[in-house]
Amino acid sequence: RIDWIYDNLGMIGILGCQTWWTWFVEDAFLSVQKKGDKNAMKTLHSKLSAQIGELVEQVRGSDLDKQKRKKINTLIIID
């Protein structure tokens with residue numbers, strides 16, 4: 001996900017991440033409803049928390065140029 005974000009423009013990255021977020025949430029709801037998976041939301045929460053952790057790690061642990069830092073910070077706020 002990180003490489004994809006860096007390779008695309010800011011708004012494209014936000015659009016793509018939000019599209020995938022929507023799909024993941026919808027899939028979790030369907031798993032609860034149709035498959036009876038009561039842990040689907042907890043699993044999704046863990047996955048999304050890990051993604052935010054990766055973004056935070058990018059900001060803290062690497063020398064980013066101004067544009068990349070702004071992209072990552074925006075995604076952290078939105079996610």
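Helix α3 (residues 40-61) packs against helix α4 (residues 66-78) at an angle of about 145°, and their axes lie 10 Å apart. Here the axes are lines fitted to C-alpha atoms, for helices over the stretch in contact, and angles run from 0 to 180 degrees between N-to-C directions. Helices (H or I, at least four residues) and strands (E, at least two) are DSSP runs, numbered from the N terminus. The model is a predicted one, in which local features need pLDDT of at least 70 and side-chain atom pairs count only at pLDDT 80 or more, while totals for chains, interfaces and linings use all residues. Residues are numbered from 1 along each chain as its sequence is written, and side-chain values use heavy atoms, with hydrogens and water left out.

The crossing of α3 and α4 is left-handed; a crossing has this hand if the near helix is turned anticlockwise from the far one by less than a right angle, and is right-handed if clockwise. From α3, the residues Leu 55, Val 56 and Val 59 meet Arg 69, Ile 72, Asn 73, Leu 75 and Ile 76 of α4, where contact means heavy atoms within 4.5 Å. By class, this contact of α3 with α4 has 6 nonpolar, 1 polar and 1 charged residues. In that scheme Ala, Val, Leu, Ile, Met, Phe, Trp, Tyr, Cys and Pro count as nonpolar, Asp, Glu, Lys and Arg as charged, and the others, Gly among them, as polar.

The C-alpha atoms fill a box of roughly 45 × 25 × 20 Å, taken along the principal axes. Of the 79 residues, 27% count as buried; buried means under 20% relative accessible area, exposed over 50%, and partly exposed in between (1.4 Å probe, protein chains only). Among contacts between residues at least 6 apart in sequence, 51% join residues at least 24 apart.

Helix α3 can now be followed along its length. At 1.5 Å a residue, its 22 residues should span 32 Å, and its end C-alpha atoms are 31 Å apart, which agrees; the expected span is 1.5 Å times one less than the number of residues. The buried residues of α3 are Ala 40, Leu 44, Leu 48, Gln 51, Leu 55 and Val 59. These cover an arc of only 90° around the axis, which puts them on the same side of α3; the arc is that of the directions from the helix axis to the C-beta atoms. On the other side of α3, Lys 42, Thr 43, His 45, Glu 57, Arg 60 and Gly 61 are exposed. The cover over the buried residues of α3 includes α1 (2-7), α2 (10-35) and α4. Gln 51, placed in α3, counts as buried at 17% relative accessibility. Leaving aside residues up to four places away in sequence, Gln 51 touches Arg 1 and Phe 24.

Helix α4 has 13 residues and reaches 18 Å from its first C-alpha to its last, close to the 18 Å expected at 1.5 Å a residue. Lys 71, Ile 72 and Leu 75 are buried in α4. Seen down the axis of α4, its buried residues fall within an arc of 90°, so they line one face of the helix. They pack against α1, α2 and α3. Lys 66, Lys 70 and Ile 77 are exposed on the other side of α4, and Lys 70 has a relative accessible area of 57%. Between Lys 70 and Leu 44, which are 26 residues apart in sequence, the C-alpha to C-alpha distance is 26 Å.

Helix α2 has 26 residues and reaches 36 Å from its first C-alpha to its last, close to the 38 Å expected at 1.5 Å a residue. Its buried residues include Gly 13, Ile 14, Phe 24 and Val 25, and the buried residues of α2 pack against α1, α3 and α4. Just after α2, Gly 36 takes a positive phi of about 75°.
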